[in-house]
Amino acid sequence: ISTKQSILLYGLGSKKAVLSAFGEALSNEGDVLNINGYDEEVDLNLLFDYIDQIFLGGAVSATIDNSFRGTRDGLITKAVSIAKKFALMRSRPLFILIHTIDGVGLSDDFSQGSLQALTRSSEKDRSPMIRIAASVDNINAAMSLWSPQVEHKFDWAWKKVNTHQPFFEELQDGPQTTVAKKKLKITSTQKTGVAVLQVLSSLAPRHTDVLQLLVGIQQNNANNLTSYSALKEVCMKKMITTSEGNLRSILKELLDHELIVSEKDEGGNEYLHVPSQQALNDIANYKRST
């Protein structure tokens with residue numbers, strides 16, 4: 001999936017558990033969104049708004065003409081704008097897992113074209129920053145789901161997965177009542193507030209070690225700021241990191257997750273801190289399950 005190809009799982013039985021487990025593995029190297037394509041009320045406009053607000057700070061929504069919102073052509077234009085902005089602003093890839101991409105809520109040409117545009121237009125250094133892995137339940141329907149042009153741009157890597165598992169979740173969470181309509185059913189590794197624990201569980205152990213070390217230093221400082229040089233010195237002493245490049249790479253990922261903030265004073269000295277008191281407490285008390 002680190003290539004330009006998208007992954008498509010097909011075969012007998014529900015593939016939701018397999019695709020979800022794949023997402024857990026991918027969360028070590030990027031952010032993950034799970035989309036329930038079998039929900040007939042799934043709304044790609046809401047999905048795109050979510051990506052824009054959470055990962056891009058609303059940079060795209062502010063520039064889209066209101067008269068264009070909600071139209072089918074506007075959906076594809078919105079996908080392209082978000083993809084290009086994501087490639088410019090982010091260094092951490094986004095993996096979108098679509099459970100049942102042939103579901104009734106996504107089976108029209110504009111939905112499929114928008115999803116294709118979202119990954120195809122996000123290329124950075126010849127590799128997409130937004131990547132798609134999906135499952136298909138009806139392989140015969142899938143053969144006619146895409147036009148030749150769209151299928152070529154998805155560039156699917158077809159993977160046969162026969163699980164022979166029942167579709168319990170898909171049936172339980174299938175067509176919704178009017179009360180549940182327009183509710184976007186997605187889950188993400190990008191968390192804030194009390195859900196910061198879910199982000200911590202997705203981080204590599206060394207990243208968590210650096211973050212907890214920063215929290216420990218911050219809690220002992222009256223001004224809540226920790227100089228980069230002080231953090232580096234302690235990390236080296238405790239052998240958490242072996243080089244400045246390694247530490248910089250870890251801090252960059254923590255910054256992308258918005259767990260920490262980096263600031264510089266007038267002399268160019270860098271200082272780091274965890275901005276949220278709730279996150280500070282959660283990080284300090286976090287213990288990785290074994």
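This is a predicted model: local features need pLDDT of at least 70, side-chain atom pairs count only at pLDDT 80 or more; totals for chains, interfaces and linings use all residues.
View 1. Helix H11 covers residues 244-256, helices being DSSP runs of H or I with at least four residues, and strands runs of E with at least two, numbered from the N terminus. Its 13 residues should span 18 Å at 1.5 Å a residue, and the end C-alpha atoms are 18 Å apart, which agrees; the expected span is 1.5 Å times one less than the number of residues. Leu247, Ile250, Leu251, Glu253, Leu254 and Asp256 are the buried residues of H11, where buried means under 20% relative accessible area with a 1.4 Å probe, protein chains only. Their cover includes helix H9 (205-219), helix H10 (228-237) and strand S11 (270-273). Glu258, with a positive phi near 60 degrees, follows H11.

**View 2. Packing of H9 against H10.** The two helices pack at an angle of about 125 degrees with their axes 11 Å apart, axes being lines fitted to C-alpha atoms over the stretch in contact, and angles running from 0 to 180 degrees between N-to-C directions. In H9, Val210, Leu213, Leu214 and Ile217 meet Leu231, Val234 and Cys235 of H10, contact meaning heavy atoms within 4.5 Å.

**View 3. Packing of H9 against H11.** Here the angle is about 85 degrees and the axes are 10 Å apart. H9 is therefore roughly perpendicular to H11, a term for angles of 65 to 115 degrees. Arg206, His207, Val210 and Leu211 of H9 make the contact with H11 residues including Asn246, Leu247 and Ile250.

Residues are numbered from 1 along each chain as its sequence is written. Local features need pLDDT of at least 70, side-chain atom pairs count only at pLDDT 80 or more, totals for chains, interfaces and linings use all residues, and side-chain values use heavy atoms, with hydrogens and water left out.

Technical notes:
Buried means under 20% relative accessible area, exposed over 50%, partly exposed in between (1.4 Å probe, protein chains only). Angles under 35 degrees count as roughly parallel, over 145 as roughly antiparallel, 65 to 115 as roughly perpendicular and the rest as oblique.
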